[in-house]
Amino acid sequence: MKVAKRSYDAVIVGAGGAGLRAALQLSEAGLKTAVLTKVFPTRSHTVAAQGGVAASLGNSTEDNWHWHMYDTVKGSDWLGDQDAIEFMCKKANEVVVELEHYGMPFDRLDNGKIYQRPFGGHSQNYGKTPVSRSCAAADRTGHAMLHALYQRNVRANTQFFVEWMALDLIRDADGDVVGVTAMEMETGEVSIFHAKATIFATGGAGRIYYSSTNAFINTGDGVGMAARAGVPLEDMEFWQFHPTGVAGAGVLITEGVRGEGGILRNSSGDRFMERYAPNLKDLASRDVVSRAMTTEINEGRGCGTDKDHVLLDITHLSPDTIMKRLPGIREISIQFAGIDPIKAPIPVVPTCHYQMGGIPTNYKGQVVAPKDGNASSPVAGFYAAGECACASVHGANRLGTNSLLDLLVFGKSAGETVVEDIKSGNLSLKALPEDAADLALARMARLENQTNGTDVHEVRLAMQRTMQKHAGVFRFSDLLKEGVTKIMEVAEQAKHTQIKDKSKVWNTARMEALELDNLIEVAKATMTSAEARKESRGAHVRDDAPDTAEFPNGRRDDEWLKHTLWYSEGNRLDYKPVNLQPMSEDVDPIALATRTY
């Protein structure tokens, strides 16, 4: 099969917040840039982000980046790398003001400054009192951001390939990345995108779970491609379950609801978060709130006929406040729960939301992987940003609104690094290997020719149910061991999928099968890494690592203060140390401490 080839200075896979921010940096620098995206850019999953973007502007309450850095390190349960965290928090104000100048329609205070609301885990004075740090555009911040960035890219003449799916990473004999293979979804034709630099900004993989706030497009494509190409995946055991998904539907109810004064209540009407987090209450970190909600439900204090959810109450807020600050949330509640939150509380339950781990990168956006004894050697020509990457600024648990900040800071940083590498001559257009398209073509042929195979939908459902049962909000030693065996069995089935439903549009069915190849890599990495980590930290809480005097919260810094690195080949694990040193010599590291709210 003849494969067409296109050549660029840079190819970006993904057109969400990180991809668009990186593309803008490249296009405005005059580089020939291609952006591949499965959906039209303004339909990327960033559009679903509601609550805001974190920046210590101090418009509503006193704030500074040191406090933001402290909150982020503490939120990460000390698994975040402090050089990358310092970089992100320092850059926050700059990228938010930049976005404002691009035309982002932030809500305003009476004095004209950007409106900021409180958010979970954000504090003044190193954890003492809540702070208003989240810069918001009502409850549609991601939507506004994506449109502002897309319009700016149109102005910069960025070239978009809409409804194209990247299939596999192309590496040469030296291990350098020289581009990707991709499929035009409408025709099924495969092309090679040959580039000096390849940036992955493919988002998360929340669809490995049965109940998720993630869109159906969030299938871990970049993470799966990296794993198949021999790049390790970092900290994949850490998945954030957002406390407030609509019960029965999984649709996100932003933390901004609690930032505006929303209260979580159990079946007795009690504000139960006062017992679990006396200082920050409903605005404690997400993993803390999710576990508190799950505990209330497990102990019989859940609401509804099946006592399987709790209630998010904003009936005490004025209708004007709800209509001004939370109009989208009211729509979601009416549409998906059948409840007007002005009149009655919203039924909510913890739902899989965010992938803390991913492709290992540094704060420059360079993908780093062990090579020749060097644990942080950049993979030439390969960069990543956003949820598919692990810088690692989120560690074991991400703070709300740090996700949109991550997209802006590291999307820009990856773009700046690529511009510098190309213009300095460090990156050139290296020759393609002769077998550049072979892996992608073989995967396509397997789907086309498979007989007596397994159904894609059945295998995907088996994967999602296995992940939901064996690696959920709380994790149990025996279930994790059983989960590793089961997910490997599902992975074996995924190797033999065939498309049985011939009534479906062919390329839709083919797309789902190719996405499953990526999802299953993420699922294997998650389950294997979770079973291996014999401690409780952040979003990863095990029954055999309880809260004790010797090990508060079940955290084992003596043995597990390190990042996991999972390799697809051999389903094996390696480790690397957490960077506890900030990037600047005059900035004090955030010392290890017990994490309480």
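Helices and strands are here DSSP runs, of at least four residues for helices and at least two for strands, numbered from the N terminus. In the predicted model, C388 is found in the loop between β17 (374–384) and β18 (389–390). With a relative accessible area of 0%, C388 is buried, because burial requires a value under 20%. Apart from residues up to four places away in sequence, C388 touches F200, A201, T202, G203, V223, Q355, G358 and I359. Between C388 and R325 there are 63 positions in sequence, and their C-alpha atoms are 30 Å apart in space.

One of the contacts of C388, V223, is also among the buried residues of helix α5. This helix, residues 221–228, is mostly covered, with 7 of its 8 residues buried. The buried residues of α5 are D221, G222, V223, G224, M225, A226 and A227. G230 follows α5 and has a positive phi, near 90 degrees.

At the level of the whole chain, the protein has 16 helices and 22 strands. Its radius of gyration is 23 Å, close to the 25 Å that the globule rule gives for 597 residues, so the protein is as compact as a globular protein of that length. Taken along the principal axes, the box filled by the C-alpha atoms is roughly 65 × 55 × 50 Å. Buried residues make up 63% of the 597 residues. Among contacts with a separation of 6 or more, 75% are accounted for by residues 24 or more positions apart. The accessible surface comes to about 21,700 Å², and 48% of this surface belongs to carbon and sulfur atoms.

From α3, the residues A84, F87, M88, K91, A92, E94, V95, E98 and L99 take part in the contact, and they meet N402, L405, D406, L408, V409, F410, K412 and S413 of α11. By class, this contact of α3 with α11 comprises 10 nonpolar, 2 polar and 5 charged residues.

In the other pair, helix α13 (residues 456–470) packs with helix α14 (residues 477–494) at an angle of about 170 degrees, and the two axes are 10 Å apart. Helix α13 is therefore roughly antiparallel to α14. The contact brings V459, A462, M463, T466, M467, K469 and H470 of α13 to L479, L480, E482, G483, K486, I487, V490, Q493 and A494 of α14. The residues of the contact of α13 with α14 divide into 9 nonpolar, 4 polar and 3 charged.

H122 is placed in strand β4 (residues 116–124). The relative accessibility of H122 is 1%, so this residue counts as buried. Beyond residues up to four places away in sequence, H122 touches A54, D71, T129, P130, V131, R133, L399, G400 and T401. Of these contacts, T401 lies in the loop between β18 and α11. T401 likewise counts as buried, at 3% relative accessibility.

T401 has a positive phi of about 70 degrees although it is not a glycine. The loop between β18 and α11 that holds T401 also holds S392. A cis peptide bond joins A391 and S392, with omega about 0 degrees. A positive phi, near 60 degrees, is also found at N157, a residue other than glycine. N157 is placed in the loop between α4 (141–155) and β6 (159–162). At 67% relative accessibility, N157 counts as exposed, whereas T401 counts as buried.

Technical notes
Residues are numbered from 1 along each chain as its sequence is written. This is a predicted model: local features need pLDDT of at least 70, side-chain atom pairs count only at pLDDT 80 or more; totals for chains, interfaces and linings use all residues. Side-chain values use heavy atoms; hydrogens and water are left out. Contact means heavy atoms within 4.5 Å. Ala, Val, Leu, Ile, Met, Phe, Trp, Tyr, Cys and Pro count as nonpolar, Asp, Glu, Lys and Arg as charged, and the others, Gly among them, as polar. The radius of gyration is taken over C-alpha atoms; the globule rule is 2.2 Å times the number of residues to the power 0.38. Buried means under 20% relative accessible area, exposed over 50%, partly exposed in between (1.4 Å probe, protein chains only). Accessible areas come from the Shrake-Rupley method with a 1.4 Å probe; for residues, only the protein chains shown count as cover. Axes are lines fitted to C-alpha atoms, for helices over the stretch in contact, and angles run from 0 to 180 degrees between N-to-C directions. Angles under 35 degrees count as roughly parallel, over 145 as roughly antiparallel, 65 to 115 as roughly perpendicular and the rest as oblique.
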